[in-house]
Amino acid sequence: MTRIVSTVALALAILAWLGPRAHAAQCGSSAAGYEGWKQQFAGEARAKGISAGTISALMATNYAQATINADRGQRSFQLTLDQFLAKRGAAAIVAKGRKLKASQGALFASIQQRYGVPPGPLLAIWGMETGFGTQRGNQNMLASIATLAYDCRRSAYFTEHLYAALQLIDRGALSPGQRGSMHGEVGQTQFMPKAILAYGTGNLENAANALTSTANFLRAHGWRAGAGYQPGEPNFAAIQAWNAAGVYQKAIALMGRQIDGGE
């Protein structure tokens, strides 16, 4: 009898685990199913405790075709390192990075003392991501992430970010109308919502907060004070955690070294 009860209990546990997944909002590959998906997803979000006001903001979003186009066309990551550096304006990033390192020395010294991350890679990321804050994107963050959560290509990945975005809106950390880049990245160094929850240290539209948050991210991913960050060196893995594209990782390492005074 005990064995039968245990078997029944196990079966019920499995069904409970599978149930929400079996009825999860259905992904799609065009705008046609987006409105229906929102209705389904809203029910799931409500069950997870997301507020009615935040769900209303989600329901007001439109399918972000520009985001889908950008997601399908990330060709620059297929370039050689030299081509990528030229396309992204590496020489200008290094030049301005060196000036900012000098003019904001106290800020970078404070960050390095606390997190162990030197100015070079932080400035390289800042310059690469937003041109030092000049190009932060003008897409509706919530619409971009919701569209990518609905899109079947990487639905699971972006669904996690969508829930994080909804939590941040509930907390007042982000507004429903927050603007960002094509994939929902926001702020001076372009954080995704899950990373904001885990590593954000304040309003990421503020440069000091964004740089501190970036250093916090890198330290959390294994950055060791004083260790090298070129390919094959201990801290390169933390740069790899920031962005999955190999050519981007190498570019950040190279520009960071040049900003920090190396060749």
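Me: What makes Trp37 and Phe41 separated by about one helical turn?

Reply: Trp37 and Phe41 are 4 residues apart in helix H2 (residues 34-47), so about one helical turn separates them. Helices here are DSSP runs of H or I with at least four residues, strands are E runs of at least two, and both are numbered from the N terminus. As background, an α-helix has 3.6 residues a turn, so residues three or four places apart point the same way.

Me: What should I know about the model and its numbering?

Reply: This is a predicted model, in which local features need pLDDT of at least 70 and side-chain atom pairs count only at pLDDT 80 or more, while totals for chains, interfaces and linings use all residues. Residues are numbered from 1 along each chain as its sequence is written, and side-chain values use heavy atoms, with hydrogens and water left out.

Me: What makes the pair of Phe41 and Tyr163 tilted?

Reply: The ring centres of Phe41 and Tyr163 are 4.9 Å apart and the planes are at 35°, so this pair is tilted. Phe41 lies in helix H2 and Tyr163 in helix H10 (residues 155-171), so the pair ties together parts that are 122 residues apart in sequence. Ring pairs also link Tyr34, Trp37, Phe41, Tyr63, Tyr150 and Tyr163 into a cluster.

Me: How do you know that Lys48 lies over the face of Tyr163?

Reply: A charge sits over a ring if NZ of Lys or CZ of Arg is within 6 Å of the ring centre and within 35 degrees of the ring normal. Lys48 is 5.3 Å from the ring centre of Tyr163 and lies over its face.

Me: What makes a group of residues a nonpolar core, and which residues have the most contacts inside the largest one?

Reply: A nonpolar core is a set of buried Ala, Val, Leu, Ile, Met, Phe, Trp, Tyr and Cys residues joined through side-chain atoms within 4.5 Å. The largest has 71 residues, and those with the most contacts inside it are Trp37, Phe41, Leu162, Leu166 and Met255. Helix H14 (residues 246-259) gives the largest share of this core, 8 residues. Contact means heavy atoms within 4.5 Å. Leaving out residues up to four places away in sequence, Met255 touches Leu85, Ala90, Ile93, Val94, Ala124 and Met128.

Me: Why is helix H9 described as largely enclosed?

Reply: In helix H9 (residues 141-150), 10 of the 10 residues are buried, so the rest of the structure largely encloses this helix. Among them are Met141, Ser144 and Tyr150. At the start of H9, a side-chain oxygen of Asn140 comes to within 3.1 Å of the backbone nitrogen of Leu142.

Me: How do you know that Thr67 is buried, and what does its side chain reach?

Reply: Thr67, in helix H4 (residues 65-72), has a relative accessible area of 0% and is therefore buried. A polar atom of its side chain lies 2.7 Å from the backbone oxygen of Met182. Beyond neighbours within four places in sequence, Thr67 is in contact with Ser144, Leu148 and Met182.

Me: Is Gly200 buried, exposed or partly exposed?

Reply: Gly200 lies in the loop between helix H11 (193-199) and H12. At 33% relative accessibility, Gly200 counts as partly exposed. The C-alpha atoms of Gly200 and Ser213 are separated by 5.0 Å, though these residues are 13 apart along the chain.

Me: How much of the whole chain is buried?

Reply: Of the 263 residues of the chain, 44% count as buried. The chain has 14 helices and 2 strands.

Definitions and conventions:
Buried < 20%, exposed > 50% of the residue type's maximum accessible area, 1.4 Å probe, protein only. Phe/Tyr/Trp six-rings, centres within 6.5 Å; stacked < 30°, edge-to-face > 60°. Polar contact = N/O pair within 3.5 Å; in protein donor to acceptor, adjacent residues only side chain to side chain.
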